[in-house]
Amino acid sequence: GVDNKRAAEYLLSNRSEAFHDKVVFSDVSEHGRQEWRLRSSEGKLWPLSVSPYRERDAFVIFDQHQCRGADMKLDHRAVGLLTIGPGVTKDMLMQAAGRMRRLGVGAQSLIMIISPEVKEGIATF
């Protein structure tokens with residue numbers, strides 16, 4: 001896999017006009033602690049807590065370790081993308097989907113992408 005910082009850099013450098021120009025992700029701070037950060041397409045990086053932008057104005061990366069307990073205020077039209085590979089449990093899936101607080105209430109939605117191994121397992125089930 002790719003770490004969150006590299007994923008954010010990739011998304012910003014390969015974005016289309018329809019895509020956000022900011023990405024929020026979890027990374028290790030200069031002090032060795034996990035913290036949420038926001039990177040802009042201009043290359044500026046802030047701890048999310050002092051950023052001039054909010055998470056609802058950005059693409060947010062939740063990895064498996066940051067799903068539990070993360071409470072981001074996402075745009076009411078946000079779309080979540082869940083990637084499901086071997087070893088993903090129902091609990092992991094529910095934690096990831098649960099980040100979309102307005103799912104089923106507002107216009108938030110989910111897209112699920114499954115790995116070839118999972119697809120094969122479903123087909124033989």
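Mentor: A word on charges to begin: Lys and Arg count as positive, Asp and Glu as negative, and His and the chain ends are left out. Each charge is placed at NZ of Lys, CZ of Arg, CG of Asp or CD of Glu. In this protein, the 18 positive and 16 negative charges have mean positions 4 Å apart.

The model is predicted, so local features need pLDDT of at least 70, side-chain atom pairs need pLDDT 80 or more, and totals for chains, interfaces and linings use all residues. Numbering runs from 1 along each chain as its sequence is written, and side-chain values use heavy atoms, without hydrogens or water.

Now the layout. The protein has three helices and six strands (DSSP runs numbered from the N terminus: helices are H or I with at least four residues, strands are E with at least two). From the N terminus, the order is α-β-β-β-β-β-α-β-α. Along the principal axes, the C-alpha atoms fill a box of roughly 50 × 35 × 30 Å.

Next, the interior. Of the 125 residues, 30% count as buried (under 20% relative accessible area; exposed is over 50%, partly exposed in between, with a 1.4 Å probe and protein chains only). Look at contacts, meaning heavy atoms within 4.5 Å. Among contacts between residues at least 6 apart in sequence, 48% join residues at least 24 apart.

The core has nine residues: Val-24, Leu-38, Leu-48, Ala-58, Val-60, Met-72, Leu-74, Ala-78 and Met-100. Take Leu-38. Beyond its neighbours within four places in sequence, Leu-38 touches Lys-22, Val-23, Val-24, Lys-44, Leu-45, Trp-46, Leu-48, Ser-51, Tyr-53, Arg-54 and Ala-58.

Phe-59 comes next. Phe-59 sits in strand E4, residues 59-60. Its relative accessibility is 27%, so Phe-59 counts as partly exposed. Sequence neighbours within four places aside, Phe-59 contacts Leu-11, Phe-19, His-20, Lys-22, Val-23 and Val-24. Between Phe-59 and Leu-12 there are 47 residues of sequence separation, yet the C-alpha atoms are 9.6 Å apart.

Move on to Val-79 in strand E5. Outside the four places on either side in sequence, Val-79 is in contact with Met-100, Ser-109 and Ile-111. Met-100 is 21 residues from Val-79 in sequence, and the C-alpha distance is 8.3 Å. Recall that Met-100 belongs to the nine-residue core.

H2 spans residues 90-97, and its Gln-95, Ala-96 and Ala-97 are buried. The cover over the buried residues of H2 includes strand E5 (79-84) and strand E6 (109-114).

Finish with Gln-95, which lies in H2. Gln-95 counts as buried because its relative accessibility is 19%. Leaving out sequence neighbours within four places, Gln-95 contacts Cys-67, Arg-68 and Gly-69.

Key. A nonpolar core is a set of buried Ala, Val, Leu, Ile, Met, Phe, Trp, Tyr and Cys residues joined through side-chain atoms within 4.5 Å.
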